[in-house]
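Please examine the sequence and the three-dimensional structure shown below before reading on. The report that follows is meant to be read beside them.

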Amino acid sequence: MQMDDYFLRPAEEKDIERVLGIISNHDLDEEKLARSFLEDYFNDSHDKSKGRHYVLENASEVVAVGGYMHDEAQKDYWVGLLYVDPYYRGQGLGNRLLEKVIEDVKRLGSNRILVSVDEEDINDPAIRFYTGKKFENTGLKLDPPLKPLQRRLTLVRNIIENEVE
């Protein structure tokens, strides 16, 4: 499929089970913790200014999810859930979601975005993905807003005005 075959839209409550299915392909423990996060996220009282998540879908199903969260205490934005169905990997879907997240965070006035990864697994594809997208290991070990899913290492990407990918 080509990138034009995928539609990017805000995540909706009806997407929860499919998104959880995508996450469970990566890690069952994360799927359990993400369920609680997503239920809160779609709760009417959730303050959308604290973050936003999107899905990419083809003609038949949601194939990826990605978003950001704002930590008011730290005054930072964090990459939230970012997962691509394994069947659809390698097509640039994670890139497209991350670009949308960075665009949103930049529009909100931030000059950086953080992501938490597992430093114990140096072969983790997530580390390669983020470092390939200009995220750097600064040695920070901050607490992301989605604490149950936090990892041990924080990567930072500085957002430059007029940046072209």
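This report treats the nonpolar cores, the strand pairing, the aromatic pairs and the salt bridges in turn.

## Basis of the report

The model is predicted: local features need pLDDT of at least 70, side-chain atom pairs count only at pLDDT 80 or more, and totals for chains, interfaces and linings use all residues. Residues are numbered from 1 along each chain as its sequence is written, and side-chain values use heavy atoms, with hydrogens and water left out.

## Nonpolar cores

A nonpolar core is a set of buried Ala, Val, Leu, Ile, Met, Phe, Trp, Tyr and Cys residues joined through side-chain atoms within 4.5 Å. Buried means under 20% relative accessible area, exposed means over 50%, and partly exposed lies in between (1.4 Å probe, protein chains only). Helices (H or I, at least four residues) and strands (E, at least two) are DSSP runs, numbered from the N terminus.

The largest nonpolar core has 26 residues, and V79, I113, Y130 and F135 have the most contacts inside it. Two or more residues each are given to this core by strand 2 (51-57), strand 3 (62-71), strand 4, helix 3, strand 5, helix 4 (125-131) and strand 7. Helix 3 provides the largest share, six residues. Which residues does Y130 touch, not counting those up to four places away in sequence? With contact taken as heavy atoms within 4.5 Å, Y130 touches V79, L82, L98, V115, V117, F135 and L155. Another core, of 17 residues, lies apart from the largest one; A11, L20, F42 and V65 are among its members.

## Strand 7 and its partners

Strand 7 (residues 153-158) is mostly covered, with five of its six residues buried. Two strands pair if DSSP finds at least two bridges between them. Strand 7 pairs with strand 5 (residues 112-117) in the antiparallel sense over six bridges; within this strand, T154 is the bridge partner of S116. Strand 7 also runs antiparallel to strand 6 (residues 136-137), and two bridges join them. Here N137 stands opposite L155 of strand 7, and L155 is also among the residues that Y130 touches.

## Aromatic pairs

Rings of Phe, Tyr and Trp (its six-membered ring) pair if their centres lie within 6.5 Å; planes under 30 degrees apart count as stacked, over 60 as edge-to-face and the rest as tilted. By this rule there are seven aromatic pairs. One of them joins Y6 and Y88: their ring centres are 6.4 Å apart and their planes stand at 90°, so the pair is edge-to-face. This pair links distant parts of the chain, since Y6 is in the segment before strand 1 (7-10) and Y88 is in the loop between strand 4 (76-84) and helix 3 (93-107), 82 residues apart. Are these two residues buried or exposed? Y6 is buried, with a relative accessible area of 5%, and Y88 is buried too, with 8%.

The rings of Y41 and F42 also form an edge-to-face pair, because their centres are 4.9 Å apart and their planes stand at 85°. Y41 is buried, at 4% relative accessible area, and F42 counts as buried at 14%.

## Salt bridges

A salt bridge is a side-chain nitrogen of Lys or Arg within 4 Å of a carboxyl oxygen of Asp or Glu. The structure holds 12 salt bridges, and the table gives some of them.

| Salt bridge | Closest N and O atoms |
|---|---|
| E12 and K14 | 3.7 Å |
| E17 and R35 | 2.9 Å |
| R112 and D76 | 2.9 Å |

In the bridge between E12 and K14, E12 counts as partly exposed at 36% relative accessibility, whereas K14 is exposed at 64%.

E17 counts as exposed at 52% relative accessibility, and R35 as partly exposed at 28%.

R112 lies in strand 5 and D76 in strand 4, so this pair ties together parts that are 36 residues apart in sequence. R112 counts as partly exposed at 24% relative accessibility, while D76 counts as buried at 6%. Finally, salt bridges that share partners join R9, E12, K14, D15 and E57 into one network.
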